[in-house]
Amino acid sequence: MQHFKPFFFFLIIPLIAFTSIHKYYISVTQIEYVEEEKSVQIISRIFIDDLENVLRKRYNNSIIIDDSQYVKETNIYIEKYLRNKLKIKINGEEANFKFVGKEYNLDIVKCYLEIKNIESITSFEISNKVLFDMFEDQQNIIKTNINSKQKSFILVSQNDTVVLNFN
């Protein structure tokens, strides 16, 4: 019985500890201005299950993001959702991105976006409301590399916009 107590302790404590796991709701959006190509290239990384849940809630409750049967439909929904939740202004003017595509990496979907024909950037503003309508503790990390200056920000529902000036 004496040997049973340590075994019991090491078996039960981890089970109790993991019953209250808190899930973190985070997306990461990486933005880079490629001057040679006159293009702003954006990669937005979102957990597949979170994105799938929001697409089901908004557009089609039976959609499965990584099912090859729904590729065309999924791309349309993802683009529509991102256009609604990501707003970008370059040099004070609203900029429209092109949805280039997506790929999966384990439990993350990478969404590729691009804004072409950008001669120079003197100011850059982004509002990122991705998943704020699903999770009140959602955080959207923004990483930028614009004009050889790297910056990072964490956006929350109460503060969903960042403005960078390059004067």
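**Figure 1. Phe 124 and its surroundings in the predicted model.** In this model, which is predicted rather than determined by experiment, Phe 124 is in contact with Ile 31, Val 40, Ile 88, Lys 89, Ile 90, Ile 146, Val 162, Val 163, Leu 164 and Phe 166, when its neighbours within four places in sequence are left aside. Phe 124 also belongs to the largest nonpolar core, a set of 40 residues in which Val 40, Leu 82 and Phe 124 touch the most other members. In soluble globular proteins, nonpolar side chains tend to be buried together.

**Figure 2. Asn 128 in strand S7.** Asn 128 lies in strand S7, which covers residues 123-128, and with a relative accessibility of 0% the residue counts as buried. The side chain of Asn 128 takes part in a polar contact of 3.4 Å with the side chain of Thr 29, and a polar atom of the Asn 128 side chain also lies 3.0 Å from the backbone nitrogen of Val 130. Apart from neighbours within four places in sequence, the residues in contact with Asn 128 are Ser 27, Thr 29, Lys 85, Leu 86, Asn 140, Ile 142, Leu 155 and Asp 160.

Figure 3. Is Ser 27 buried or exposed? Ser 27 counts as buried because its relative accessible area is 1%, whereas the cut-off for a buried residue is under 20%. Ser 27 sits in strand S1, formed by residues 26-34, and, once neighbours within four places in sequence are left aside, Ser 27 is in contact with Arg 45, Ile 46, Asn 128, Gln 138, Gln 139, Asn 140 and Ile 141.

**Figure 4. The open sheet of six strands.** The strands of this open sheet follow the order S5-S6-S2-S1-S8-S9, and their pairing is mixed. At the edges are strand S5 (98-105) and strand S9 (149-155), each of which pairs on one side only, and the twist from one strand to the next averages 15°. Strand S8, made of residues 139-146, runs antiparallel to S9 and is joined to S9 by seven bridges; Ile 142, for example, has Phe 153 in S9 as its bridge partner. Strands of a sheet pair through backbone hydrogen bonds, either parallel or antiparallel.

**Figure 5. Helices H2 and H3 against the sheet.** Helix H2 (residues 48-58) packs on the sheet and touches strand S2 (39-47), S5 and strand S6 (108-116), with a direction that makes about 90° with that of S2. Helix H3 (residues 71-85) likewise packs on the sheet, touching S2, S5 and S6, and the direction of H3 makes about 115° with that of S5. Within H2, the residues Ile 48, Asp 50, Leu 51, Glu 52, Val 54 and Leu 55 are buried, and the cover over the buried residues of H2 includes S2, H3, S5 and S6.

**Figure 6. The protein chain as the setting for the close-ups.** The secondary structure of the protein chain consists of three helices and 10 strands, and along the sequence the chain follows the pattern α-β-β-α-α-β-β-β-β-β-β-β-β. Of its 167 residues, 38% count as buried, while the accessible surface comes to about 10400 Å², with 52% of that surface belonging to carbon and sulfur atoms. Among contacts between residues at least 6 apart in sequence, 58% join residues at least 24 apart.

Technical notes:
Residues numbered from 1 in each chain as written. Predicted model: local features only at pLDDT ≥ 70, side-chain atom pairs only at ≥ 80, totals over all residues. Heavy atoms only, no water. Helix = DSSP H or I, 4+ residues; strand = E, 2+ residues; numbered from the N terminus. Buried < 20%, exposed > 50% of the residue type's maximum accessible area, 1.4 Å probe, protein only. Contact = heavy atoms within 4.5 Å. Polar contact = N/O pair within 3.5 Å; in protein donor to acceptor, adjacent residues only side chain to side chain. Pairing = 2+ DSSP bridges. Axes fitted to C-alpha atoms, helices over the stretch in contact; angles between N-to-C directions. Areas by Shrake-Rupley, 256 points an atom, 1.4 Å probe, with all protein chains shown as cover. Core = buried A, V, L, I, M, F, W, Y, C linked by side-chain atoms within 4.5 Å.
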